[in-house]
Amino acid sequence: MSRITVENVTRRYGDVRAVDGVSLDVAHGDFLVLLGPSGCGKSTLLRMIAGLVSPSDGRVLVDGNDVTEAPARDRDLAMVFQSYALYPHLTVERNIGFPLRARKQRKADIRRRVAEVADILDLGALLDRRPRALSGGQRQRVALGRALVRDPGAFLMDEPLSNLDAQLRTATRTEITELHRRLGRTFVYVTHDQVEAMTMATSVAVLNRGRLEQLGTPTEVYDTPASAFVAGFLGSPPMNLLDAEIVSRDGRLHAVAEGVDVPLGLDHPSHEGEQVRRPAILGVRPEHLSLRPAADAGPAPEAGGVPNGSAPNGSAPNGGAPNGGAPAATLRGSVRSIENLGSEEIAHCRVGAAEVAVRARRPAGFTVGEAVVLTVRPEHTHLFDRESGRRLVWQPDRDPQVPAARVPVAT
Amino acid sequence: MSGMFVEVAPPTLPAPIVAPAAAGGRGRTARRLARRLGRGVVPYLYLVPALGMLIVWIYRPLVETANYSFYSWNLSPTQPATPVGWHNYHRLFTLPELGGSVWRTLLMIIGLLPFTIVIPVVVGLLSREVRGRARSIYQALIFLPFLVAPVASAAVWQWLLSPRTGAVNRATGSSVNWFHERWPALIAITGITGWHVLGFAVVVVAAGLASINGDYAEAASVDGASRWQITRWLTLPLLSPTLVFLVLATALLFAPQWTFPLIDTLTQGGPVDATTNVYYLLWEYGIQSFDAGLASAAGVVFFLGFGLVAAVLLWISERVTIHDD
Ligand SMILES: Nc1ncnc2c1ncn2[C@@H]1O[C@H](COP(=O)(O)OP(=O)(O)OP(=O)(O)O)[C@@H](O)[C@H]1O
Ligand SMILES: [Mg+2]
């Protein structure tokens with residue numbers, strides 16, 4: 001039983017803050033993935049939980065007990081290292097049995113328990129080998145076996161699959177998920193692979209430069225990224241991010257940029273002399289854009305017609321404005337290159353000064369250089385603050401007398 | 001409807017390019033052969049200087065030594081060497097001092113092991129936490145005696161260990177006459193040699209410890225092992241190649257050879273042969289008494305003997321050590 005709580009933890013190396021004020025609460029049985037680019041502090045955070053690195057600030061709690069000062073061996077956690085750290089002079093059997101041996105268990109008990117674990121991981125035939133006589137995948141299993149052998153409160157894993165080839169990685173991913181389901185233990189899993197994060201996690205913590213950008217389920221993190229960083233990190237290709245400005249036009253809000261006009265489906269009755277101009281970042285996922293040739297002018301009929309609640313994020317409903325539905329947003333540009341992914345293709349288009357990727361089912365029938373119009377439904381657009389990068393949500397005014405003059409920042 | 005299915009052919013190599021030089025004739029082939037031969041020879045040409053040095057300075061003297069061991073000769077260029085068969089070997093093995101000198105060599109090896117293994121390992125384990133500049137300074141300080149010429153240190157130690165005025169006796173209040181009593185002399189020679197090589201061994205052990213991947217100790221501590229368990233079960237086994245190297249160096253280099261300048265300047269093998277090890281014996285009989293035949297025979301025997309010791313130690317090390325890869 002382990003619930004892991006990280007409270008406002010910071011780790012400094014000289015002037016560098018490897019981890020900067022991160023707070024997490026991992027409930028018992030959760031599968032938390034720490035996700036982020038290289039050097040964002042994932043390993044450092046995990047090692048602080050494990051007790052291998054001590055925080056410069058903040059606390060680490062296991063089941064409500066403050067273990068910040070406790071050595072690693074007293075935390076009842078198991079860790080799988082990225083390098084596996086199998087003891088090179090010990091056989092597979094003794095490697096797996098090591099945690100029990102360190103706890104001075106009886107030889108017969110150790111032998112029995114190792115046999116059980118070897119059975120689960122299909123290592124029975126390898127027990128007498130030394131690590132160097134194992135393949136990468138087998139080493140990975142032994143490392144997993146060493147963690148499993150003593151039924152710890154929680155499993156910590158630092159990119160355990162990064163040394164495996166694509167096929168083995170997929171297989172092992174499924175196995176670890178299965179293991180988590182069966183054991184019901186808490187897992188904290190470090191990766192920079194978003195596919196692992198999306199498929200394995202019950203919750204994902206996205207880190208950037210030591211800071212926690214967002215904590216949520218894989219769906220939340222993908223569908224409503226809390227910052228431009230998260231939006232640009234997840235997805236392949238990731239979300240298109242364009243510098244845009246929010247303006248009000250005919251009483252409605254639009255995000256506009258060169259070649260871009262995206263009605264946001266938000267009413268904003270303008271008063272004399274009042275002009276809204278707010279710099280922002282417009283985000284659209286490649287799969288939410290549809291392509292048509294520029295010659296085929298006119299609004300796309302299927303893209304409009306969202307009567308209500310078509311705010312940039314679905315969770316903040318529009319202030320009940322009875323607008324007849326926002327017209328489809330359009331981006332005008334030209335195709336620069338096309339990538340064939342087999343089932344789909346990615347068209348990279350130039351819109352104004354920005355590069356926009358579009359995911360389309362094959363054959364999309366476009367050629368490089370062709371002028372195109374990209375359309376997107378307003379509810380599939382995301383807005384982020386230009387300065388802070390945080391997500392912008394529309395907050396309707398409480399008092400209907402006062403018109404909304406600002407788009408507030410929600411963090 | 002008429003028609004048929006046709007298999008898609010697997011990709012094939014493009015048609016081989018026919019060598020246009022096929023009609024080039026014999027001169028061409030010969031030249032190509034010469035070029036290939038030349039290419040084969042070149043690597044060996046690079047090795048020639050090194051091989052030449054080895055042959056001139058190592059193998060030729062070795063063969064000559066083996067040769068002289070079957071002659072009686074007093075090293076004088078004017079005297080002819082007379083063949084005596086196995087006589088030199090017979091004399092060597094019936095030397096009364098031989099057994100004693102081998103034994104004392106063994107004692108010196110055992111006496112040196114604390115300096116080359118035990119203290120360096122303890123110091124290395126304890127000083128792992130020292131980092132940065134402090135570590136470099138400390139290692140430089142401890143390495144320093146290794147750089148002092150043995151004859152110079154012999155002079156200093158002679159003064160330190162002098163019976164009445166020496167700092168050692170004054171500090172301990174003893175009246176041991178270090179270089180003129182049997183056991184104290186052996187202990188002094190071994191101790192001074194140990195003082196010499198200690199820094200070297202400490203640095204070697206520190207390097208060995210530094211080369212052990214820190215992940216192992218971290219993994220073990222998460223696995224619940226105590227510091228002592230980690231040391232016993234991981235650090236020392238992983239350090240074993242380094243330790244075998246140090247045992248080898250002690251047995252083949254430090255105990256028989258590094259003691260020599262100290263013995264020669266401080267005790268001359270005495271008192272009553274108490275500090276005569278095999279190398280000093282070789283020196284006494286061969287060089288000092290101008291008996292080239294006996295010295296050569298001893299040289300050959302020691303060469304084979306130490307070779308055997310080295311082979312056994314290496315064999316053991318192959319068995320017990322793990323190379324971390
Ligand atoms: N011992 C250390 N001394 C100084 N800086 C360190 C140390 N360990 C980590 N850092 C710095 O802290 C930051 C975070 O490192 P960390 O290893 O946690 O990254 P990571 O997210 O695990 O990256 P990766 O995906 O490449 O493993 C990096 O900028 C790194 O340079
Ligand atoms: Mg890492």
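B:Glu218 and A:Arg47 form a salt bridge, with their closest N and O atoms 2.6 Å apart. A salt bridge here is a side-chain nitrogen of Lys or Arg within 4 Å of a carboxyl oxygen of Asp or Glu. The pair runs between chains, from helix α1 (residues 42-50) of chain A to helix α8 of chain B. Helices (H or I, at least four residues) and strands (E, at least two) are DSSP runs, numbered from the N terminus.

This is a predicted model, in which local features need pLDDT of at least 70 and side-chain atom pairs count only at pLDDT 80 or more, while totals for chains, interfaces and linings use all residues. Residues are numbered from 1 along each chain as its sequence is written, chains are lettered from A and ligands numbered from 1 in the order in which they are written, and side-chain values use heavy atoms, with hydrogens and water left out.

**Where chain B meets chain A**

The count between chain B and chain A is 2 salt bridges. Over all chains, the whole structure has 28 salt bridges. Between chain B and chain A there are also 12 residue pairs in polar contact, both residues at pLDDT 80 or more. A polar contact is a pair of N or O atoms within 3.5 Å; within protein, one must be able to donate a hydrogen and the other to accept it, and residues adjacent in sequence count only if both atoms are side-chain atoms.

On the chain B side, α8 (214-222) and α9 (227-258) are the elements that give two or more residues. The largest share, 7 residues, comes from α8(B). By class, this side has 10 nonpolar, 5 polar and 5 charged residues. Ala, Val, Leu, Ile, Met, Phe, Trp, Tyr, Cys and Pro count as nonpolar, Asp, Glu, Lys and Arg as charged, and the others, Gly among them, as polar.

In all, 20 residues of chain B are in contact (heavy atoms within 4.5 Å) with 23 residues of chain A. The two chains bury about 2000 Å² between them, 59% of it on carbon and sulfur atoms. Buried area is the accessible area (1.4 Å probe) that two parts lose on being put together, summed over both. In chain B, the most area is lost to chain A by B:Val222, B:Asp223 and B:Trp233, together 35% of what that side buries.

**A helix pair in chain B**

Helix α3 (residues 96-126) of chain B also packs with α9(B): their axes come within 9 Å and cross at roughly 145 degrees. Axes are lines fitted to C-alpha atoms, for helices over the stretch in contact, and angles run from 0 to 180 degrees between N-to-C directions. The residues of this contact include B:Leu112 and B:Ile117 of α3(B), and B:Leu239 and B:Phe254 of α9(B). They divide into 16 nonpolar, 5 polar and no charged.

**Backbone points in chain A**

Most residues other than glycine have a negative phi, and most peptide bonds are trans. A:Ala85 has a positive phi of about 50 degrees although it is not a glycine. A:Ala85 lies in the loop between β6 (77-80) and α2 (92-102) of chain A.

| Cis bond | Omega | Loop of the proline, chain A |
|---|---|---|
| A:Ser236 to A:Pro237 | about -5 degrees | between α8 (228-233) and β11 (240-249) |
| A:Arg362 to A:Pro363 | near -10 degrees | between β18 (354-361) and β19 (371-376) |
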